[in-house]
Amino acid sequence: MFGYILKKIRYSALKRKNMSHDTATDKNYNEPLLPDLEKNLDVIKSILRDSSDVTVHEFNFGHDRRYKGALVFIDNMVDKEEIHKNILKPLMYDVLLLKKDVDMDFTKIDIIRKNLISVMDSQKVTLLADLLDSLLTGTTILLVDGSKEALAVNLRKWEARSIEEPGTEAVVRGPREGFNENANVSIALIRRKIKDPDLCIEKLKIGMRTKTDVYIVYLKSVANPKLIEEIRNRIGRIKIDAILESGYIEQFIEDAPYSIFPTVSNSEKPDKVVAKILEGRAAIVVDGTPFVLIVPMLFIESFQSGEDYYARPFLASIMRIIRFLSFIISTLGPAFYVALTVFHQELIPTQLLISIAAGRERVPFPAILEAGLMLFTFDVLREAGVRLPKPVGQTIGIVGALVLGQASVEAGLISPIMVIVVSSTAIASFAVPAQTDSGTILRYIYLGLAGIAGGFGVIMGLLATLLHLSSLRSFGVPYLWPVVPFNLSGIKDVFIRMPVWTMQKRPSVIIWDNIDSIRQSPGLMPSPYKEDKDDSK
Amino acid sequence: MKKKMNILIKKSVLCFLMLFMLSGCLGGREINDLEIVIGMGVDKDENTENILVTAQIVKVGEIEKTSGSSGGGPENKAFWNVSHTGNSIFEAVRQITHKTGNRLFVSHNQAVIFGKDIALEDVQKYIDFFLRAHEMRPTALILIAENRASDVMDAKPETEILPAMNIAKLVKAYGFTSHFYKVNVKDFASCIMSATSAPIAPIVGISKDNGSKDIYVSGMAVFKNAKMVGELNQLETRGLLWVLGEVKSGVILVPSPNRQGNAVLEILKTRSKVTPEINNGKIVMNIKIKMESSLSEQTTTENLATIPAFEEIQKALEEIIRQEIMTAFDKSRELNADIFGFGEILHKKYNNVWKTIKDDWDEVYPTIKLNIEVEARIQKTDLLKKPATSNKKGK
């Protein structure tokens with residue numbers, strides 16, 4: 001059944017691919033520019049269909065104004081002031097400062113670029129396709145009559161968000177800057193933290209229509225070259241018209257598209273991304289989104305937070321354990337409650353059983369339905385709360401609390417203990433943000449299993465989950481490393497976070513047999529100053 | 001290749017689903033449909049020879065009210081004693097559903113109370129159900145009613161809401177005095193199954209002082225061949241517990257050296273070791289008791305916190321403990337019931353000898369000699385170093 005649907009989808013996708021292939025060839029403007037300015041402008045205008053934001057400015061320049069030129073750019077994507085100062089003014093006025101007898105042929109773009117234009121970032125373009133590409137990314141195009149070449153001058157400027165604290169990963173201690181939508185800024189933030197010539201930034205352009213810049217960032221001497229090759233291949237085979245967010249890339253390159261567990265992690269925080277790059281991972285920065293992808297991903301990364309490493313190890317370890325417990329509570333809480341109250345009442349302490357029974361006396365639904373309803377209501381509230389504007393969101397919170405908590409209990413629809421179970425589940429589910437998606441799905445699956453077969457069903461579900469988890473791989477790395485397969489050096493950073501000075505090696509599973517696996521010299525444990533014994537002798 | 005994989009996946013999914021059918025716990029029951037039984041009483045029906053089973057069921061709705069508003073009406077009982085007669089316990093239990101409408105849920109049964117008539121007849125016949133039923137817990141306490149079990153279950157306690165819970169709490173608190181002992185169904189049954197050991201069980205009665213009905217534990221019933229043959233009083237029970245090493249705490253009064261008052265000692269820690277010995281065919285049980293105590297009260301002005309006083313008290317203490325053990329042993333000899341489990345101890349060490357004597361254990365048991373060694377120590381005097389009297393009198 002499922003396979004049949006998939007086949008249908010694949011077939012129609014193939015059909016569409018063939019169609020889009022045809023249209024794509026139509027738009028290959030692989031023709032050279034003509035030496036005639038008028039004709040060039042006509043071609044550009046006809047291709048852009050006289051879009052209102054495309055500005056064409058024609059002018060004459062040179063000593064006796066005998067050269068004809070034109071500037072083509074897109075409004076609001078360029079700095080007009082700079083264009084005026086650095087392109088128009090030199091061409092029209094500063095040229096007059098040159099002696100008249102200096103023989104310069106201003107139909108040659110190279111001569112203009114070297115002698116007149118005072119902008120560093122400029123490129124010669126000869127093909128129409130290149131010209132359009134640069135024009136649409138916000139570059140100013142200088143066309144000169146009589147030249148087969150055009151000059152693309154980079155004077156981009158548009159409104160952008162400043163560097164702000166990311167909303168999804170707030171910290172108490174640690175850097176507060178976050179990536180933003182401009183990939184260049186994001187790359188700069190990474191570069192600013194790693195001042196190492198080994199830091200490689202590879203640029204790719206994905207998306208037939210959006211032509212989004214995608215960067216692969218890694219440390220050459222640390223990252224496994226096979227990993228980088230694999231990333232290049234996987235990203236390279238993406239043929240899609242638009243990349244609007246890094247999620248698009250993620251879904252095309254992940255290892256297990258049918259798994260509920262993510263095999264590509266993401267972050268908005270430069271410090272986190274840099275830490276992972278230093279462990280031998282690669283970051284994929286996509287223009288237009290602050291979310292940077294990081295591969296390969298281990299399951300344990302979901303439970304680690306950047307703050308774990310900034311705080312001292314004791315509290316960090318406790319928080320780590322609390323996060324594990326929260327994940328267990330958030331996935332198993334309602335299932336456990338249903339299994340106990342419906343199937344294994346003998347396991348509940350007598351006093352508790354009596355008070356649960358007292359609370360449930362007037363409840364007309366079976367426990368599984370009760371739990372399902374409550375979880376559903378909670379998920380609706382959460383979804384509504386995220387989408388709504390902030391002032392309304394608060395109202396939803398109050399209504400939700402009253403509806404969920406008090407009214408339904410007083411009306412006898414829900415038992416008070418169920419409210420406690422579901423609300424603690426809800427709170428616990430936010431402690432592990434990276435696994436919220438999988439946690440939500442697992443919660444419903446386990447609840448269903450508990451309703452069908454009680455504790456037995458929950459255990460079967462857990463076993464299936466464990467089997468699935470241990471079969472997952474992310475870019476060749478076992479998902480459950482360092483627990484399965486076991487690695488003593490890696491386990492230092494799993495259930496508890498050992499002091500930083502004990503973590504001498506980078507995770508071996510990510511860097512493989514790379515020589516540069518040591519990240520600090522041994523014996524760095526701090527201790528008070530001691531006179532050398534040899535000295536005292 | 002891909003098709004093969006698909007078939008494999010389908011097969012494994014099918015296997016996984018089939019596992020659910022194998023499970024025996026598909027029958028879920030909502031908590032609302034349960035009648036939670038917290039105590040069961042077994043009596044002989046007064047008129048016929050049938051059994052009268054009484055089940056104490058929690059009325060969960062009333063629990064909420066009584067715990068919510070402290071001044072709940074006295075007529076609103078949070079429990080419901082429902083009983084029915086039958087030829088067997090299981091039959092009667094199923095007959096009770098005629099009155100409840102729901103199946104009884106006995107996993108949380110706290111106490112099984114046998115009426116005295118049942119205890120005098122033969123407990124073995126009636127305990128089978130409590131061991132065999134899969135919902136039953138072997139940790140449920142076993143108790144003998146002084147009279148009828150149903151009366152004991154009716155007495156409404158003052159602080160607890162549920163009588164059966166109250167009884168279980170009382171019995172479990174034996175450690176404060178060590179005057180009685182808690183016995184659960186499993187212990188009781190294993191004693192019955194032994195060839196020589198005699199099971200014991202606490203007796204609960206109703207004291208009717210000042211008009212109020214209070215439940216209390218009056219002593220221990222001694223069984224022989226699953227029939228009740230006699231009772232142990234509180235001190236005899238402690239004598240027994242000394243040997244079993246089950247004295248948790250308790251109070252011992254020792255006359256002070258100048259005989260003007262008592263030193264009241266709290267038992268802190270005890271240890272016992274029983275080693276059997278056969279000398280020329282005579283069985284001697286070497287019992288070594290070590291105990292630590294604290295001086296918790298004194299009813300004399302004399303300062304007892306001195307080394308000579310301590311030594312004297314310790315000596316008296318040892319003698320008292322020895323006496324307690326001897327009275328218990330004398331009683332057991334009188335009843336000819338091996339409550340100490342000496343038979344099993346002998347079995348473990350002298351297997352060959354035991355084989356020859358096990359058939360006439362009843363004759364052998366009264367001839368056993370005890371060799372009791374007690375080492376009693378006073379560890380501390382709690383907060384006072386000397387009694388709160390004026391110095392003049394003491395010196």
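Across all chains of this predicted model, a search of the whole structure finds 47 salt bridges, a salt bridge being a side-chain nitrogen of Lys or Arg within 4 Å of a carboxyl oxygen of Asp or Glu. Residues are numbered from 1 along each chain as its sequence is written, and chains are lettered from A in the order in which they are written. Local features need pLDDT of at least 70 and side-chain atom pairs count only at pLDDT 80 or more, while totals for chains, interfaces and linings use all residues, and side-chain values use heavy atoms, with hydrogens and water left out.

Within chain A, the side chains of A:Glu279 and A:Arg281 form a salt bridge with an N to O distance of 2.5 Å, and both residues are buried, that is, under 20% relative accessible area, where exposed is over 50% and partly exposed lies in between (1.4 Å probe, protein chains only). These two residues also belong to a network of salt bridges that links A:Lys276, A:Glu279, A:Arg281, A:Glu301 and A:Arg519. Another pair in chain A joins A:Lys108 to A:Asp105, with the closest N and O atoms 3.8 Å apart; here A:Lys108 counts as partly exposed because its relative accessibility is 48%, and A:Asp105, at 32%, also counts as partly exposed.

In chain B, B:Lys331 pairs with B:Glu236 in a salt bridge whose closest N and O atoms are 3.9 Å apart. B:Lys331 lies in helix H10 (residues 307-335) of chain B and B:Glu236 in helix H9 (residues 234-244) of chain B, so the pair ties together parts that are 95 residues apart in sequence; helices (H or I, at least four residues) and strands (E, at least two) are DSSP runs, numbered from the N terminus. B:Glu236 counts as buried, because its relative accessibility is 12%.

Turning to the interface, 27 residues of chain B are in contact with 28 residues of chain A, contact meaning heavy atoms within 4.5 Å. The two chains bury about 2,300 Å² between them, 67% of it on carbon and sulfur atoms, where buried area is the accessible area (1.4 Å probe) that two parts lose on being put together, summed over both. Between chain B and chain A the count is 1 salt bridge, and B:Glu30 forms a salt bridge with A:Arg360, the closest N and O atoms being 3.3 Å apart. Helix H1 (2-22), strand E1 (35-44) and helix H2 (60-68) of chain B each supply at least two residues of the side that touches chain A, and H2(B) gives the most, with 4 residues.
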